[in-house]
Amino acid sequence: MFIKGNFLYTPSRKELTIRENQYAHIENGVVTGFMTELPDTISSEKVIDYSQDIIIPAFVDLHIHAPQYINRGLGFDEELLPWLEHYTFPAEGKFADPVFARRVYSAFLKRLKAEGTLCFSAFATIHKESTWQLMELAEAMGFKAYIGKVNMDRNAPDYLLEDTDRSLADTEELAVRCREELHKVRFIATPRFVPSTTEQLMTGLGRLCETYDLPVQSHLSENRNEVAWVKELHPNLPSYTAVYDAFGLLRPEKTIMAHAIYLSGKEKSLLRDKGIYLAHCAQSNANLTSGIMPLRRNLEKGLTCTIASDVAAGHTPAMNKQIALTIEVSKLYSLQNDTEKALTIGEGLYLATKRPGRFYGRTGSFEKGYAFDALVIHMNDIEGLERTPFEKLQQFIYDGDDRNIIARYVDGVSC
């Protein structure tokens, strides 16, 4: 199959490749190369021509809470811990009902697909059956995803408080079932965060991760009060990051930690050396008054950072809007820190496509050997006003929405 259009992608953080009016060759769902002219032997039936539209890699969101989709935009007068108590936990309690869960998760996944997020890592809830509903639906709709049952056995309301052994048993059951029955959806261990998981539960999760070679997702140093709470709970460990490490939950190259705002130099070194993915959630951090991650500084220090939505603390799953807000926040941060350069459009695209795509595999770029996971975007809304492909990308990042995405591909198949 050949697809013609204007392709924009980022082989590295500092490199934005623009291929105008070229043909991408896709074989078995994978990009094999580009050409400017087709051989005479290629029939027109094998070519899909998107003319002057731009084509970018599909978005990859490594930190989103599927059940919180029903709460987007709510409760932002609160900071993190009271927001969880007053808004998030009551909403997640509703997912004890698998019928309700299926209805919400169907809407959630339809919205993700509409916005162009075709690969993601999501928290579900503590409920085994509802989590399986999300996994099955995501598989049926063609997503690439990591999905985890949340683990919580302390410091939670009664209706979300798990028995430790049951939490571990349900986690193991889902991990095995996922491996046996699903293909594009994978299981990820999901301790909510240190304050809600006992040492016994974290120890058990670490063992399950080792046994089944599971990746991990959780939260790290999002809020100053949260960091102080972790210190009270684990006074004998030197840092929040060290707690996860002590229980085997900082798995090299296989762990996502969201937020990571308040980190010491030693924590950053540990996270860098282990290749931990840090999901930067600028919109969420602003909405809950959590703080600002020094993104540029972290990138220059070699930390693996990505852009993520963190719905519902982030109020939209639209990753183009998350890129725009991340750039805007970085500009404001640079005004207060002279040595901190603001993020560029190309870097923003990289942090929402190729960089997080590495967590799943070879996705998030159009380099040879990468899966053709793509969005076709039409931005010409005024006749006679021509824009370059890069200008169209900029306008989509800042002002585009699902109506501008005219086609979506996963592994070379329209979805």
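Predicted model: local features only at pLDDT ≥ 70, side-chain atom pairs only at ≥ 80, totals over all residues.
Biologist: Let's start with a loop: where does Ala 312 lie?
Modeller: Residues are numbered from 1 along each chain as its sequence is written, and side-chain values use heavy atoms, leaving out hydrogens and water. Helices (H or I, at least four residues) and strands (E, at least two) are DSSP runs numbered from the N terminus. On that basis, Ala 312 is in the loop between strand S14 (304-307) and helix H11 (319-336).

Biologist: What is omega for the peptide bond from Val 311 to Ala 312?
Modeller: Ala 312 sits in the loop between S14 and H11. The bond that joins Val 311 to Ala 312 is cis, and its omega is near 15°.

Biologist: Is His 259 buried or exposed?
Modeller: His 259 lies in strand S12 (residues 255-259) and, although not a glycine, has a positive phi of about 85°. The cut-offs are under 20% relative accessible area for buried and over 50% for exposed, with partly exposed in between (1.4 Å probe, protein chains only). Because its relative accessibility is 0%, His 259 counts as buried.

Biologist: And what is the relative accessible area of Asp 411?
Modeller: Asp 411 is not a glycine either, yet it has a positive phi of about 50°. Its place is the loop between strand S16 (405-410) and strand S17 (413-414). Asp 411 is partly exposed, because its relative accessible area is 25%.

Biologist: How far apart are the C-alpha atoms of Gly 302 and Asp 273?
Modeller: Gly 302 belongs to the loop between helix H10 (295-300) and S14, and it is partly exposed at a relative accessible area of 39%. Along the chain, Gly 302 and Asp 273 are 29 residues apart; their C-alpha atoms are separated by 8.9 Å.

Biologist: What is the C-alpha to C-alpha distance between Thr 211 and Arg 224?
Modeller: Thr 211 is in helix H5 (residues 199-212), and it is exposed because its relative accessible area is 58%. Thr 211 and Arg 224 are 13 residues apart in sequence, while in space their C-alpha atoms are apart by 34 Å.

Biologist: What is the radius of gyration of the protein?
Modeller: The radius is taken over C-alpha atoms, and the globule rule is 2.2 Å times the number of residues to the power 0.38. The C-alpha trace spans about 70 × 50 × 35 Å along its principal axes, and 60% of the 415 residues count as buried. For 415 residues, a compact globule would be near 22 Å, which agrees with the protein's 21 Å.
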